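Notebook open. Today I look up charged side chains that pair up.

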Amino acid sequence: MGRDRSGLIRDILSEPAMQNVNIVDMDQKVMQGISVMTVVADFESAKVTPQKLEKWYRDNAESLAIDFSFLPLEKHQGRRQTAKELYIVTILAKDRPGIIRDVAEVAARNGVNLERASVTARGELISIEFLMDFADCSADDCRSQLKKECEGLGLDVVIQDLGRSRKEKRLIVFDMDMTIVDFEIINRLASFAGVDEQVKAITDRAMNGEMDFKESLRQRVRLLKGMPFSTLQEIAADLQLTPGSEELIHHLKQVGYKIALISGGFTYFTDVLKERLGFDYAFANDLEIEDGVLTGEIKGEIIDAEAKGRIIYDLAEREKISPDNIVAVGDGANDCLMIKNAGLGVAFNAKEVLKKVSDGSLSRENLLGLLNVLGLAEKEREV
């Protein structure tokens, strides 16, 4: 360990190389300007003993400007080296002391081994990415308990199987209402029509999975019969976006992601957002309009939970990618299949029914934390 500088690794490893010491494993990080390096060295064919090389480092530590220690691997080696069940666990929250300790305590209580941790700062948001081994517990039980207990601590958590997490994500799909848009559009329409209480009650039942979505949508749209098309235009002109959504989408587009809206809402509004934010795809329900007013009916197939799940596979085929390369973000029961079918499913400010089937959840103020989950955030420092 020493102050980072150009040539430091070369200087540290020159003597082992000349003495035919074989480096079989190595990890090097720079944290707060300090270089920390761990090396596993094999001396079987070396020209020197470990003791002689240790003496060389002791004699040259001052000129190298390093602190060091030699540890026999067999004495200090940790738990098993095979048969691991590795998961990437991303924790997001407002920064405070003790977060890493709290998560470590939850992991230990559930028989989970922490193998690595790194911290990323983004404004007030802190993200800790852990590599965890679930081999000593039931993976499903571990995932469920970690999500439950971390959420109880006020922490957002997303858990990804290491193998799936390594598959490059190339397309991200979002629900619209209460995900990209910061309200339920149909409730806003109902307010203009004076039927907001009736519509909101039906919406809540549908979002909680207590009512068939297709029937609930038909009932709500019938209550809007006779509404002038100008009302849709008025609402579309004042679509309040969820905090962080515009910045998130802009960043995703900049780094080359395709993005899509898959909504149980209405095409008029998804089309507006597609133009405004640059979505590559948009899917929603088509309101029937005659003589400038809503008829209370929907044209064509209704985009319900099954359709949303099917669209994930359709998009994968269109983009010539695997569903594992797709991320889905939604908030209600209608998003369950969409979340399940994607390679990574994130519940955003979500109902419990969706949290249960997702890989993790983000709270309303942490939508930008999706960048951390995808490994796109900046200012990383290892711990």
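Entry 1, ground rules. I work on a predicted model, where local features need pLDDT of at least 70, side-chain atom pairs count only at pLDDT 80 or more, and totals for chains, interfaces and linings use all residues. Residues are numbered from 1 along each chain as its sequence is written, and side-chain values use heavy atoms, with hydrogens and water left out.

Side chains of opposite charge can pair when their charged atoms come close. I count a salt bridge when a side-chain nitrogen of Lys or Arg is within 4 Å of a carboxyl oxygen of Asp or Glu. The structure has 23 salt bridges.

I find Arg-143 paired with Asp-359, with their closest N and O atoms 3.2 Å apart. Arg-143 sits in helix α5 (residues 139-152), while Asp-359 sits in the loop between α15 (352-355) and β14 (360-362), 216 residues apart. Helices (H or I, at least four residues) and strands (E, at least two) are DSSP runs, numbered from the N terminus. Both Arg-143 and Asp-359 are buried. Buried means under 20% relative accessible area, exposed over 50%, and partly exposed in between (1.4 Å probe, protein chains only).

Lys-355 forms a salt bridge with Glu-151, at 3.5 Å from N to O. Lys-355 is in helix α15 and Glu-151 in helix α5, so this pair ties together parts 204 residues apart in sequence. Glu-151 is partly exposed, at 25% relative accessibility.
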